[in-house]
Structure formats: structure tokens, C-alpha cells
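Keep the structure open beside you as you read.

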Protein chains: 2
Amino acid sequence: MSPPNPSEIPFLAAVQGTRGRHTPVWFMRQAGRSLPEYREIRGSGSILDAIYQPELAAEITLQPVRRHGVDAAVLFSDIVVPVHAVGFGIDVAPGTGPVAQSPFRGADDLKRLPPLTHDLVDHVAITVDILSRELPNDVPLLAFAGAPFTVASYLIEGSPSRTYQRTKSLMHGNEALWHSLVGVLADYAIEFIDVQLTHGARAFQLFDSWAGALSPDDYERFVLPHSSRVFAELKQRHPQSAGIHFGIGCDHLLELMYSAGADVIGLDWRTSIAKARARLGESVTVQGNLDPALVLAGRETAIAGAQRVLDDNGGHPRHIFNLGHGVQPDTDPGILTEIVNMVHERTRHKGGSTE
Amino acid sequence: MSPPNPSEIPFLAAVQGTRGRHTPVWFMRQAGRSLPEYREIRGSGSILDAIYQPELAAEITLQPVRRHGVDAAVLFSDIVVPVHAVGFGIDVAPGTGPVAQSPFRGADDLKRLPPLTHDLVDHVAITVDILSRELPNDVPLLAFAGAPFTVASYLIEGSPSRTYQRTKSLMHGNEALWHSLVGVLADYAIEFIDVQLTHGARAFQLFDSWAGALSPDDYERFVLPHSSRVFAELKQRHPQSAGIHFGIGCDHLLELMYSAGADVIGLDWRTSIAKARARLGESVTVQGNLDPALVLAGRETAIAGAQRVLDDNGGHPRHIFNLGHGVQPDTDPGILTEIVNMVHERTRHKGGSTE
């Protein structure tokens with residue numbers, strides 16, 4: 001069986017600006033705690049234990065595809081997998097997030113960040129191999145990695161932070177060391193995504209979840225060169241792959257983050273889709289941006305919110321429907337399925353015309 | 001002794017757009033935990049205990065004026081004082097923030113929010129009376145109150161939140177009840193600030209610290225009418241008073257928040273002063289916006305950051321120097337004093353010319 005034409009794959013059609021059979025939908029954190037079938041097979045222990053078991057990680061990745069009928073699968077993984085794999089000493093504490101017992105404090109700690117060779121993430125390659133066989137032809141697999149700034153913030157703060165004090169102290173107080181650190185983390189993002197694209201992922205998302213804590217000037221000086229290198233290098237190695245750039249509360253960084261070289265910009269609910277298009281130009285594909293809090297508010301509020309997202313997009317073919325942040329663990333998965341069905345129904349397109 | 005002309009009071013000159021003797025400086029949370037003299041007299045127990053003792057609260061308010069030579073005093077208070085005073089049942093947990101044992105859940109809870117009569121905040125009036133006598137003539141006292149949305153979020157969530165799930169569920173799920181609740185909270189802000197202005201405060205700040213969690217559409221529909229009423233009513237009762245509107249991460253709401261009727265818009269470091277002026281017009285006075293994380297990064301980084309703020313402002317008379325968020329408890333107060341001196345020296349003006 002030959003692979004379908006990209007225009008028959010809703011996700012890829014939206015990236016290319018052709019009109020697929022409907023607006024594609026996926027949800028950040030669609031694989032995970034909101035699903036009873038996930039809680040059933042996940043077991044206890046760190047999320048990293050599950051990620052390191054290819055059969056289990058593949059099954060968890062497939063669960064939301066089967067249940068919701070989403071238009072993309074996103075690898076069950078975590079942004080700290082590469083730094084964990086090289087042995088920096090980091091884990092994901094349930095209910096807290098990434099925790100480093102011994103945070104990054106100075107130049108000596110660079111020794112704890114050796115190159116990410118592909119053998120260190122063999123398990124991820126195997127998981128992607130399984131998924132490449134098992135996923136439906138029209139549901140691409142998305143790779144993802146943490147962006148250099150966001151991963152650096154976990155290494156430096158040692159745990160989730162509201163102020164990023166130590167991170168900002170390092171970037172302003174020792175700029176050379178800062179660039180060394182995020183340079184290494186950019187390499188990790190490149191290699192980690194490269195493995196996934198090489199084994200069959202079709203697109204990738206770079207998560208700079210906490211970049212919104214920075215001023216535009218600081219973002220441009222301390223972060224943008226490194227995130228740009230990630231997109232440029234991956235575009236060179238995998239010209240057919242699509243790159244998505246996403247952060248929370250990044251309205252004030254929108255132009256800068258898009259300039260890093262992404263094909264798709266991920267928005268949270270603070271930025272209107274129409275306004276983002278006005279600011280970035282018509283050639284951008286926009287992903288987002290339903291507030292996950294509205295999904296928790298019940299069926300009626302969720303569907304009304306999803307309709308406002310469609311209205312904001314105004315029928316543009318360059319739209320990938322998503323939430324504006326990850327699915328909350330206590331989300332009713334039935335409502336997520338209803339959102340997928342509703343978006344598919346209300347955007348169904350019978351022709352095959354292009355823009 | 002007759003009171004000085006407003007142009008001789010740097011804070012008021014900046015509000016009016018005349019050039020005072022230097023750019024005025026104050027710091028959000030300048031009174032409090034960063035000062036050893038505060039920790040010495042504060043005692044243990046809830047911050048509300050200290051706020052309810054006029055002599056103590058006045059002394060705490062005066063401490064940073066004496067130590068740093070700032071150009072405004074800000075009443076030692078808390079945004080939950082009004083809801084505490086009416087007996088809703090809320091306290092400030094050290095290290096956590098406002099906590100309501102029994103959060104706002106439905107219409108019945110409106111009964112727990114009776115009118116804020118002035119006798120309930122007598123202690124605040126007495127504190128302001130003391131400060132009106134003791135403050136230097138050219139250091140105005142600033143009143144403040146929590147904005148309806150931010151206070152509502154504490155009542156509904158029961159404790160500080162990252163997602164505002166319950167708050168957003170209520171606003172979208174029961175809009176009538178939402179407007180009843182924030183209507184009452186707007187009344188509280190009006191009455192609480194009114195008491196302070198009546199007893200001698202010269203300006204006020206409305207803190208909508210967490211409004212940045214909202215989309216522009218939600219802010220406009222669920223919040224703006226109520227915050228606008230606060231500014232309009234206070235302008236009517238106290239035409240000479242200046243109103244400051246402030247929130248964290250509100251770049252995407254800038255025009256809306258300014259439209260609420262503030263004279264001064266408070267910025268965090270995410271929004272450049274020059275760009276804010278370009279968006280809002282030349283008649284706005286801008287307050288801000290040094291990242292408090294840079295103050296924690298040591299003297300050199302702090303002073304360099306303060307210089308970038310002055311550069312961003314470009315010598316405009318309508319600027320009040322401040323941080324972009326409150327002083328962090330572990331800040332070195334000596335660096336704050338150095339920032340005050342540096343801003344005063346580098347903006348010193350010998351003439352008395354106006355714009």
C-alpha cells in the first residue's frame with residue numbers, strides 16, 4: 001500500500017496550507033493521566049520508567065488515537081529524557097515535575113552533560129519504530145523535545161520555579177557559561193528529535209514552555225540563537241519535516257519565536273489566532289488554542305470555547321486545533337472526544353481544493 | 001508650612017507629565033520581608049495581625065522611606081484585607097499566600113460578603129492618619145487594593161493557583177453569579193481605597209496581579225467593566241487622586257487595562273516602556289519595570305538592568321521607576337538603595353521646565 005498523498009493527511013495538509021478533509025486536531029498531553037486506560041497500564045514509579053519501555057510507551061501513545069480519533073500521535077515522552085539519558089541526575093517527581101537533586105551551578109557541571117549519542121536513547125528509537133508500523137497512515141507521529149531555555153531552567157532551578165531567579169542570574173551574570181549550557185541543550189534537542197524523525201516521526205514540536213518569563217530583549221539575546229539553531233539543523237537533516245514552536249504566555253515573544261524558523265506557531269488562549277496571523281503573515285500555520293480550564297468547566301463551556309476557536313480561525317486552512325496548554329489530569333476524556341468530533345464535523349470539507 | 005507644589009513632588013510630577021527634580025522611584029513590596037528592621041519588629045503570626053495594629057503598620061510603611069529614600073510610601077497592607085474584614089474567612093499563610101478554608105462555591109456564599117462599611121477598616125484609617133502626619137511632604141502615600149478578578153480568584157480557588165480552573169469555570173458556567181461576585185469585590189476595592197484617600201493617601205494602585213491568565217476576550221467581558229467602575233467611582237470621589245493599574249504578564253491586555261481608566265499603567269519586564277508608550281499614547285505615565293530576579297543576581301546585574309530601564313524610557317518625564325513585580329524576600333536591601341540613588345543621580349534635573 002502506498003502512503004497517502006500529504007493532502008489526504010489532515011495534519012500535513014494544514015502545515016502545507018492545502019485544505020484537507022477537516023481541520024486536524026490533537027491535544028498536548030493527550031497521552032497520559034486523563035485516560036483511564038493509561039492509569040490502568042501505567043503502574044507506579046517515575047514517568048521515565050514507562051518511557052523507557054518501548055512496548056508500553058508505544059501503547060500509551062496509541063491510546064488517545066484510538067479513543068479520540070485525533071489527527072496526530074505525540075510520542076509519550078518527557079522534555080527531560082535527554083538530560084536524564086546522559087546521566088545529569090534528574091527525575092520527574094509525580095505532582096511536582098522535573099527535579100534535579102544537584103542543580104547546575106557552575107562550569108564544572110558542564111562535565112555532567114556529555115554528548116547525547118543515539119545509543120543513549122535507543123529505547124525511543126524502538127518506540128518510534130513500533131509506532132511507525134502501528135499508526136494509521138493518515139495519523140503522523142509527532143516528535144518533541146524541550147527547548148534549550150526551558151530545559152536549562154529545570155537544570156538550574158532544580159525544580160519548577162515561578163521566578164526563574166537562578167536562571168536569570170546565570171544568563172546575566174555569566175553569559176559565556178549560559179551560552180555553553182544552552183548550546184549543549186540545543187544539541188540534545190537536535191539529536192533527540194533527529195532520532196525520532198529518522199525512525200518515522202513526521203513533524204516535531206519544540207516546547208519552550210516557560211520562555212514567557214523573559215523580556216523580548218533577553219529572549220532575543222540569550223535564547224533565540226539556540227532555538228534557531230535547532231530548527232535550522234533539523235530543517236537541513238529532514239527537509240520534509242514540519243517544526244512547531246510553542247510556549248505559554250508568549251504573546252509578547254510571538255514574532256521572535258516564529259523567527260526561530262518554525263513552520264507552525266503554537267498559541268495559548270492569550271493570543272487570538274486571527275491576530276497572530278495578522279502579526280506573522282498568512283504563510284504561518286497556527287496551532288491552538290482552547291484554554292484547558294474551559295474543558296474542565298464541563299461539556300457546554302468546552303464546546304462553546306472550541307467554537308470560538310474555530311470562529312477566531314475563520315475557516316483558514318492553516319489551522320491545527322489544539323489546546324493552549326496540556327490536557328489537565330482531571331479532564332473528562334469524553335469531552336475531549338466530543339471536541340474532536342465537533343471540530344471534524346464543523347470543518348468537514350468535501351472538495352480537495354488548495355488555498 | 002504650606003504643602004509643596006505638585007511639581008516639587010517627584011511622584012506627582014511624573015503623573016502629571018511635568019519634569020520633577022528626578023524620576024521618582026518606589027518598589028512594590030518595599031515594606032516587608034527584605035528589610036532586617038521589618039523582621040525585627042514584625043513578630044510571628046499572620047501578616048494580617050500586623051496590618052491591624054496601626055502604630056506597627058505605620059512604622060513598617062515608613063521603614064523603606066527612611067532606608068531607601070524612595071519617592072512614595074505604600075501602605076503596609078494586603079489585597080485580602082477587605083474580604084477578611086467582612087468575615088469571609090480568609091487568611092494569609094506564610095510562604096503560601098491567601099488561603100480560604102471554605103472557598104466561594106455558589107450563590108449562597110454571597111451572604112458571606114456583606115458590604116464593607118468603613119468601621120470594618122477603622123484600623124486602616126488610623127494607620128493612614130499616622131502616616132499623613134509622619135511622612136515627608138514630598139513623599140506621597142499610595143493606597144492599594146486587589147482588583148475584582150484577582151481577589152475573586154483567591155476566594156474561588158481557595159489558595160494560589162496556576163490554572164484558575166475553578167475561577168474560569170464559574171465565569172463561563174454561571175456568568176450572572178460571576179458578575180454578582182466581582183461586583184461586590186469592586187465595591188470593596190472602591191470603599192477600601194476611598195478610606196485611604198479620604199485620610200490622606202494621594203494615589204492608589206489596583207493590583208490585578210493574575211489577570212494575565214485571561215484571554216483578551218474574557219478580560220473584556222468578565223473583568224473590565226468591574227475594574228473600570230473602580231477607577232470611575234474613585235475619580236469621581238477623589239478627582240485629584242492618581243490611579244495605577246498593574247498586572248503580571250499582561251502585555252496582551254495592555255490596551256484593555258489602560259482603558260479601565262488608569263492614569264498610570266504598571267508594566268512588568270515583558271513589556272518595553274517605549275513600546276507601551278507607542279501603543280497607549282504619549283499621555284500615559286508608565287511605571288516599572290526592572291525584573292526583580294535581576295536584583296537578586298547581584299549589584300552589577302541589578303544596576304545594569306536599571307540602566308536599561310532608564311534607556312528604554314529615554315528621559316520621558318512620565319516615568320515612575322519600579323520593579324516589574326514585588327521585591328523578593330531574599331533581596332539585598334543595599335542593592336535597592338543603590339538603585340534609588342542611581343536613578344535619582346542619572347535623572348536629576350536642575351530646571352523646573354515642563355514637557
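Begin with a pair that crosses from one chain to the other: the side chains of Lys168(B) and Asp291(A) form a salt bridge, with N and O 2.6 Å apart. The term stands for a side-chain nitrogen of Lys or Arg within 4 Å of a carboxyl oxygen of Asp or Glu. Between chain A and chain B the count is two salt bridges.

A word on the ground rules. This is a predicted model, in which local features need pLDDT of at least 70 and side-chain atom pairs count only at pLDDT 80 or more, while totals for chains, interfaces and linings use all residues. Residues are numbered from 1 along each chain as its sequence is written, chains are lettered from A and ligands numbered from 1 in the order in which they are written, and side-chain values use heavy atoms, with hydrogens and water left out.

Back to the interface. The size of an interface is often given as the accessible area lost when the parts come together. Here chain A and chain B bury about 2,200 Å² between them, 50% of it on carbon and sulfur atoms; buried area is the accessible area (1.4 Å probe) that two parts lose on being put together, summed over both. Which three residues supply more of chain A's share than any other three? They are Arg162(A), Gln165(A) and Arg270(A), with 24% of the area that chain A buries against chain B.

Counting contacts (heavy atoms within 4.5 Å), 27 residues of chain A touch 27 residues of chain B. Eight residue pairs, both partners at pLDDT 80 or more, are in polar contact across this interface. Such a contact is a pair of N or O atoms within 3.5 Å; within protein, one must be able to donate a hydrogen and the other to accept it, and residues adjacent in sequence count only if both atoms are side-chain atoms.

On the side of chain A that touches chain B, the elements giving two or more residues are α8 (165-173), α13 (292-296) and α14 (299-313) of chain A. Helices (H or I, at least four residues) and strands (E, at least two) are DSSP runs, numbered from the N terminus. The largest share, five residues, comes from α8(A).

Now look within the chains. The whole structure holds 32 salt bridges over all chains. In one of them, Asp263(A) pairs with Lys235(A), the closest N and O atoms being 3.2 Å apart. This pair links distant parts of the chain, 28 residues apart: Asp263(A) is in the loop between α11 (254-259) and β7 (264-266) of chain A, and Lys235(A) is in helix α10 (residues 216-237) of chain A.

In chain B, Glu37(B) and Arg67(B) form a salt bridge at 2.8 Å between the closest N and O atoms. Glu37(B) lies in helix α2 (residues 36-42) and Arg67(B) in helix α4 (residues 54-68) of chain B, so the pair ties together parts 30 residues apart in sequence. Glu37(B) is partly exposed at 21% relative accessibility, and Arg67(B) is partly exposed at 31%.

Finish at helix α6 (residues 122-134) of chain B. Its buried residues (under 20% relative accessible area, with exposed over 50% and partly exposed in between; 1.4 Å probe, protein chains only) include Val124(B), Val128(B) and Leu131(B). The buried residues of α6(B) pack against α3 (47-51), α4, α5 (81-85), β4 (141-146) and α9 (175-198) of chain B.
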